[in-house]
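Please read this briefing beside the sequence and the model.

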Amino acid sequence: MKTLGVGLIGSGYMGKCHALAWNNVAAIFGDVPRPRLVALAEASLDLARQRAEEFGFDQATDDWKSLIADPDIDIISITTPNAFHAEMAIAALQAGKHVWCEKPMAPRLESASAMRDAARTAAQTARCIAAIGYNYIQNPVFRQIKSLIESGGIGTITHVRVEMDEDFMADADQAFYWKSESASGYGALDDFAVHPLSLLYTLFGPLASVACDMVKPYAERPLASGGRRAVENHDIASMLCRFDSGLSATVCVNRSAWGRKGRIAVQIYGSKGSILYDQERMNEFQLYLADDPAALSGFRTILTGPQHPPYGRFIPAPGHGLGFNDLKTIECREILVAIAGKPAHLIDFETGYRVEMAIHAMAKAHTERRWVDLSEFE
Ligand SMILES: NC(=O)c1ccc[n+]([C@@H]2O[C@H](COP(=O)([O-])OP(=O)(O)OC[C@H]3O[C@@H](n4cnc5c(N)ncnc54)[C@H](O)[C@@H]3O)[C@@H](O)[C@H]2O)c1
């Protein structure tokens, strides 16, 4: 595998997660070359210099386009607010760089479509990889659940429910910031629902049709600079989903749910058993098997350990637990594997675009108060 030069755009919450992953991936996995952290771009030069020093990048700039033009950079990590993703990803792909872009792809479907088209072209002309930051599919617990379902461990799947809740926007006095702007998207749909959809797509394939109801719990929020500003999108959404396979699922997302910190509660019911999982307890899942003896019937808790790859790459002791940043390191390694031309467990811009289609179908279903077929967006 070739040693890759990395350029990072944005150094906030996700920028730090990408930087940690780039720093750790070779040490954790031992089977990929240590990337070179070439340059970090931020909105201001002072912040770029500070973060480049902290994160270990050689150069700092307030001009992200200089990363795209830099021949020493092979891959661009995009961790800026949603509205910037399309322009940055398309420019990187057109320059022949690989792209690791945070979710969602873009607030507008036309932009996501242009990103997918740029990825298709760059894959053909420069063998570029374009992946979206859907870290939760990387959890060793989730990989175990996927293999359990695929081997028929709980029989035919009859119903699925996913709820994603956090409370970082639960306070009505939380200051207005970019996540409440319509320029960032529909709100909880783009911000949260894409994650459950990434899990559902990975387990059950494409969606066929959706219904949706969105809620705006607070009409306006205070501005940090004084005064108040109208909230432009919705913090809560409830969806009914039908897959191409006929499977039915519900997805509820809420970023103003007091007490919830990082909940992604998944319930999967089958003809021979059930699986429960919650990202707030990301190192375990519950399994109920209908064939258990009646006297021992009940949910068992399975803790992750080295028997759930790639857990053992991080720590040899079972039950000690991985964390959110470890999922990003696993995702980073999958990207390096994909770049090396091997099969990888990732959501690329093709599948990512299917997720975006579902989001826009949900928004349309809410607006028009009806079920919407995803084929309306083909
Ligand atoms: N995968 C996940 O689990 C996950 C979690 C949180 C956020 N995200 C996604 O990550 C992205 C960033 O979210 P965040 O929470 O890190 O935001 P953030 O506000 O913490 O960080 C964004 C950074 O981008 C910088 N930036 C803005 N414009 C820039 C420009 N033109 N050039 C360079 N830097 C610029 C900002 O200064 C800021 O430091 C969003 O798309 C969000 O949806 C993903």
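Strand β13 (residues 263–270) has a covered face made of Ile 264, Val 266, Ile 268 and Gly 270, while Arg 263, Ala 265, Gln 267 and Tyr 269 form its uncovered face. Helices (H or I, at least four residues) and strands (E, at least two) are DSSP runs that are numbered from the N terminus. The model is predicted, and local features need pLDDT of at least 70, side-chain atom pairs count only at pLDDT 80 or more, and totals for chains, interfaces and linings use all residues. Residues are numbered from 1 along each chain as its sequence is written.

**Partners of β13**
- Strand β7 (residues 157–165) pairs with β13 in the antiparallel sense over 8 bridges, where pairing requires that DSSP finds at least two bridges between two strands.
- Within this part of the model, Ile 268 of β13 is the bridge partner of Val 160.
- β13 and β14 run antiparallel and are joined by 5 bridges, and a hairpin leads from β13 to β14 through 2 residues.
- Tyr 269, which belongs to the uncovered face of β13, has Ser 274 in β14 as its bridge partner.

**Helix α6**
- In helix α6 (residues 140–150), the residues Pro 140, Val 141, Phe 142, Gln 144 and Ile 145 are buried; a residue is buried if 20 or more other C-beta atoms lie within 10 Å of its own, exposed if 12 or fewer, and partly exposed in between, with C-beta atoms placed from the backbone.
- The cover over the buried residues of α6 includes α7 (188–204), β14 (273–278), β15 (284–289) and α8 (311–314).
- After α6 comes Gly 152, which has a positive phi near 80°.

**Ligand shell**
- The ligand is surrounded by 21 residues, of which the closest are Gly 10, Gly 12, Tyr 13, Met 14 and Glu 102; a residue is near a molecule or strand if its C-beta atom, placed from the backbone, lies within 6 Å of it.
- Helix α1 (residues 13–29) supplies the largest share of this shell, 3 residues.
- By class, the shell holds 8 nonpolar, 9 polar and 4 charged residues, where Ala, Val, Leu, Ile, Met, Phe, Trp, Tyr, Cys and Pro count as nonpolar, Asp, Glu, Lys and Arg as charged, and the others, Gly among them, as polar.

**Domains**
- The domain assignment, automatic or from a database, gives domain 1 (5–135) and domain 2 (139–320 + 345–372).
- The centres of domain 1 and domain 2, taken over C-alpha atoms, are separated by 25 Å.
- The contact takes 19 residues from domain 1 and 21 residues from domain 2, two residues being in contact if their C-beta atoms, placed from the backbone, lie within 7 Å.
- On the side of domain 1 that touches domain 2, α1, α5 (109–126) and β6 (130–132) each give two or more residues, and α5 gives the largest share, 6 residues.
- The residues of that side of domain 1 divide into 15 nonpolar, 2 polar and 2 charged.

**Gly 341**
- Gly 341 lies in the loop between α9 (324–339) and α10 (349–368), and Gly 341 is exposed because 10 other C-beta atoms are within 10 Å.
- Gly 341 and Met 1 are 340 residues apart in sequence, yet 9.5 Å apart in space, C-alpha to C-alpha.

**The whole protein**
- The protein has 10 helices and 17 strands, and buried residues make up 46% of its 378 residues.
- The C-alpha trace spans about 65 × 50 × 40 Å along its principal axes.
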